[in-house]
Structures are given as structure tokens and as C-alpha cells.
Amino acid sequence: MRDAARLMIGLVVLAAVLVAAPVVALEEGDYAGEYDALERNATGQSASERLHALFDLQWRYELHEHPERATYQGQKEGNDRWTDMSRQAIDRRQRELSRPLGVLDAIDRASLSPDDQLDYDLFRARIEERIEGGKFPDELLAVDQMTGVHQSLASMMQVMPRRSRGDYEDILSRLDKVPALVDQHIALLREGMERGVTMPRILVRHVPEQVAMLAAAPAEENPILRPLSAFPETIDAASQA
């Protein structure tokens, strides 16, 4: 319990380093119309066309919901925000896993080619596995000494593009939203403590020290703020200032 409390304090310290701003919440139903249209086959597509349209839709949905993943894929659309880790958003995403299953159920698998049937089966297995996995609240195991918000902040800042003024505005926007993201993780950790779902003590014992080092590092040496310590020649002096 003492280590868990220290972890909470450390994360609060990290939050205090940066300016608070809300995490952008994604509303339920952002992609509902597209899933519904595919399920109804509103455009009269073949079974194969619908299946591949579903794959494309699910990919876009996943990148929309998890913008960090989009950044790693080289897509910029979500570079100004983080995954919404509020309890409301987590529960919503779990409910929304039923949408691709509804489309699959509406597709005649027998009319697909052997390759498409294999893709169909693998996709269904993946979604069903995630639905089943949702019965265990692994989101409550939000932090350990190898992974967690304190680790992902630094690593994300190292991979974000830094070629234009817009890239740096995305970096600043993401930094502005860090405190709200940290608060969401603190809420998950507290929920885990209340429900008895926590990491073993040995896996979090170094986290307070890791967070304290991040919070204490000078701005020019802090891995979270390092993108702001050096600019490429493509950024003019006025923009840098």
C-alpha cells in the first residue's frame, strides 16, 4: 500500500510539471453509421467487398481511438491527442466491439474465397478474443516499471514528427493534455486498489524513482520536453520563439 501511495504521488508530481488541459473525448457513435451501412449492405457490395471494407473501417476506427498507434504508423491526424483512458471511454470501446461482429454476421462467409474465409475467421477470432478479454480489467494494471504513462510519454515524444510548425503545434497540444492523461491513469490505479486488481509490488517498486527523475530533469534534458530543445532548419526563428 505504501508503494502504491508513493506511485500516486509521483504521478501527481509529473502532472504538475506541465499545464493542464482536457483529453479530447470521443463520442459514442463516431463510426456507428459506417458500421450500420456495412451491416445493411447499403451500397450493394459483394461479400468480399464488404469484408475488406470492414477491415478498412476497423483499422481507421482503431487509429482514431488510439492516436499513439497512428503516430507510430506515420499518420498525423491524431498527433495532437492521446487515447482517452477514462472509465467511460474504456467501457464504450468494449461495447463497440460488437459492431464489427454484427457486420461479420451479416456477411455470407460461404460465398467468400478461401483466402477471404481465412481472413474472416482470423478477424472474428481477434474480436471475440478481445471481447472475452474485456471480462478481466487489465486497464487497472496501468503502470509498472517497464510500461505505463510515465514511459510512453517520453517514447512518444521521441517519435513524433518534427519537420514543420504544425508538427510542433501537435507536440505542444499533446503536452498540454498530459496532466489530464495522468489523472485518468491515477483514477484507474485507484480503482484497481479498491477492487484488489494491482501489479505485484516488485513490478512497481522502481516507478516512483522513474517518475521523480522525469520530474526533476531540467527542461533541456527532459526526454518529454527534448523536442523543444532543438529545431530543424525548416522551422524559422520566429516560429521557434
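**Ground rules**

I call a residue buried under 20% relative accessible area, exposed over 50% and partly exposed in between, using a 1.4 Å probe and protein chains only. This is a predicted model, so I ask for pLDDT of at least 70 for local features and 80 or more for side-chain atom pairs, while totals for chains, interfaces and linings use all residues. Residues are numbered from 1 along each chain as its sequence is written, and side-chain values use heavy atoms, with hydrogens and water left out.

**Whole chain**

I started with the burial count: 43% of the 241 residues of the protein chain are buried. For area I used Shrake-Rupley with a 1.4 Å probe, where only the protein chains shown count as cover for residues. The protein chain exposes about 12800 Å², and 54% of that comes from carbon and sulfur atoms.

Next, secondary structure. I take elements as DSSP runs numbered from the N terminus: helices are H or I with at least four residues, strands are E with at least two. The protein chain has 13 helices and zero strands.

Then contacts, meaning heavy atoms within 4.5 Å. Among contacts in the protein chain with a separation of 6 or more, 77% are between residues 24 or more positions apart.

**Helix H7**

Which residues of H7 are buried? I get Asp116, Gln117, Tyr120, Phe123, Arg124 and Ile127. Looking down the axis, I find the buried residues of H7 within an arc of 130 degrees, so they line one face of the helix. The arc is taken from the directions from the helix axis to the C-beta atoms. On the other side of H7, I noted Pro114, Asp115, Leu122 and Glu129 as exposed. The cover over the buried residues of H7 includes helix H3 (47–65) and helix H6 (98–106).

**Rings**

I pair rings of Phe, Tyr and Trp (its six-membered ring) if their centres lie within 6.5 Å; planes under 30 degrees apart are stacked, over 60 edge-to-face, and the rest tilted. My search of the whole structure turned up four aromatic pairs. In one of them, Tyr35 and Tyr61 sit edge-to-face, 6.2 Å centre to centre with 80 degrees between the planes. That pair links distant parts of the chain, as Tyr35 is in helix H2 (residues 32–40) and Tyr61 in helix H3, 26 residues apart. Both Tyr35 and Tyr61 are buried. Ring pairs also bring in Tyr31, giving a cluster of Tyr31, Tyr35 and Tyr61.

Arg93 counts as buried at 12% relative accessibility. Leaving aside neighbours within four places in sequence, Arg93 is in contact with Tyr61, Glu65, His66, Thr83, Asp84 and Met85.

**Loop residues**

Here I needed polar contacts: pairs of N or O atoms within 3.5 Å; within protein, one must be able to donate a hydrogen and the other to accept it, and residues adjacent in sequence count only if both atoms are side-chain atoms.

Lys177 lies in the loop between helix H9 (165–176) and helix H10 (178–195). Is Lys177 buried or exposed? I get buried, with a relative accessible area of 10%. What does the side chain of Lys177 reach? I found the backbone oxygen of Asp80 at 3.0 Å, plus a 2.5 Å polar contact with the side chain of Ser173. Lys177 and Arg81 are 96 residues apart in sequence but 7.1 Å apart in space, C-alpha to C-alpha.

Asn222 is in the loop between helix H12 (207–216) and helix H13 (237–240), and is buried at a relative accessible area of 3%. A polar atom of the Asn222 side chain lies 2.6 Å from the backbone oxygen of Leu214, and the side chain of Asn222 also reaches the backbone nitrogen of Ile224 at 2.9 Å.

Last, Asn41, in the loop between H2 and H3. I noted a positive phi of about 55 degrees there, although Asn41 is not a glycine. Most residues other than glycine have a negative phi. Asn41 counts as partly exposed at 22% relative accessibility.
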